[in-house]
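Good morning, and thank you for coming. I shall take you through one structure, part by part.

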Amino acid sequence: PLVPTGELVSRAAAAHGCVPAFNVITLEHAEAIADGAQAAGRPVILQISENAVRYHGGRLAPLARATAAVAEASEVELALHLDHATDMELVRQAADNGFSSVMFDAGALPHDRNVAATAEAARWAHEAGLWLEAELGYVGGKPDAPASAHAAGVRTDPAEAADYVARTGVDALAVAVGSSHAMTERTASLDHALISRLRGRVPVPLVLHGSSGVPDEDLRRAVESGMAKVNIGTALNVAFTGAVRGVLDAESSLTDPRKYLTPAREAVAKTVGTLLAVLPAGR
Ligand code: G3H
Ligand code: ZN
């Protein structure tokens, strides 16, 4: 069934575990993530980023409604989240298209304007019944991302994070602790002491972005020290595209997309399963 994101994250946080959030770009991603989650018997979040909406010509509804339909048909609990939204117009469309949550990304704004814009987004989101996540610090690494107000690699300061949450009223906070977006090798090293200090100061669930580049052991430790939502995109695309490339390299005259999308979907489902085995669900 399709369930609210806030419910999954709160439950994971209370259990000292995490709910993984996987990025959906195509319908095949949504199907694969649902298949992987169902095989593991674990709830997960299906998230569609503003960049993915741009890829679909700015159309939010078709992919969102199809993804919500995949979730409704699933035996495990799945939630639908709008990821890295900078455009309030898109946020406003979220509630009508199956989303129960949004990550509002004001990271490109100077701090005071970030606080004001995020507080406004949180107020609006709560009125619309949406759970709202924001980011403080700079995870970085997103191709085509607007320049951040923070220098690349700037980590989240615990006292500033506590103040930011108090002033904005957000429901969850994405923090910069050493990961970076779009890594195809798992060479990131996380600052676990900082995660613990953030967990001690920030009263809402913490979110890890750019998790594709984080090795298994660091992912486990990050959840144990307080990351309740773990965002994974690139790792699925490495699997997807690798499978497509393998089929097309072997058969250059192939034309039916189903011949390469079927193995791509299976590869993504398998990667979801592998990651779910690493990421603790909690007690
Ligand atoms: O918001 C999405 C995530 O932070 C995904 O990051 O593609 O590096 O795994 P990733
Ligand atoms: Zn992210």
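Two residues are said to be in contact if their C-beta atoms, placed from the backbone, lie within 7 Å. Please keep in mind as well that this is a predicted model.

Let us start with helix α11, residues 258–278. How far apart are its end C-alpha atoms? They are 30 Å apart, and this agrees with expectation, because 21 residues at 1.5 Å a residue should span 30 Å. Several residues of α11 are buried: A264, R265, A267, V268, A269, T271, V272 and L275. An α-helix has 3.6 residues a turn, so residues three or four places apart point the same way.

Which strands pair with β2? With β1, the pairing is parallel over three bridges, and N23 has Q47 of β2 as its bridge partner. With β3, residues 78–85, the pairing is also parallel, over six bridges; here V44 has L78 of β3 as its bridge partner.

Now consider V230, which lies in strand β8. Is V230 buried or exposed? It counts as buried, because it has 27 C-beta neighbours inside 10 Å, and the cut-off for a buried residue is 20 or more. Leaving aside neighbours within four places in sequence, V230 is in contact with C18, P20, A21, L208, S211, L219, V223 and L279. V230 and A267 are 37 residues apart in sequence, and their C-alpha atoms are 20 Å apart in space.

Finally, I come to ligand 1. It is surrounded by 16 residues, of which the closest are H209, S212, N231, G233 and T234. Which elements each supply at least two residues of this shell? They are β3, β8 and α10. By type, the shell divides into four nonpolar residues, 11 polar and one charged.

Conventions. Residues numbered from 1 in each chain as written. Chains lettered and ligands numbered in written order. Predicted model: local features only at pLDDT ≥ 70, side-chain atom pairs only at ≥ 80, totals over all residues. Helix = DSSP H or I, 4+ residues; strand = E, 2+ residues; numbered from the N terminus. Expected span 1.5 Å × (residues − 1). Buried ≥ 20, exposed ≤ 12 C-beta atoms within 10 Å, placed from the backbone. Pairing = 2+ DSSP bridges. Near = placed C-beta within 6 Å. Nonpolar A, V, L, I, M, F, W, Y, C, P; charged D, E, K, R; others polar.
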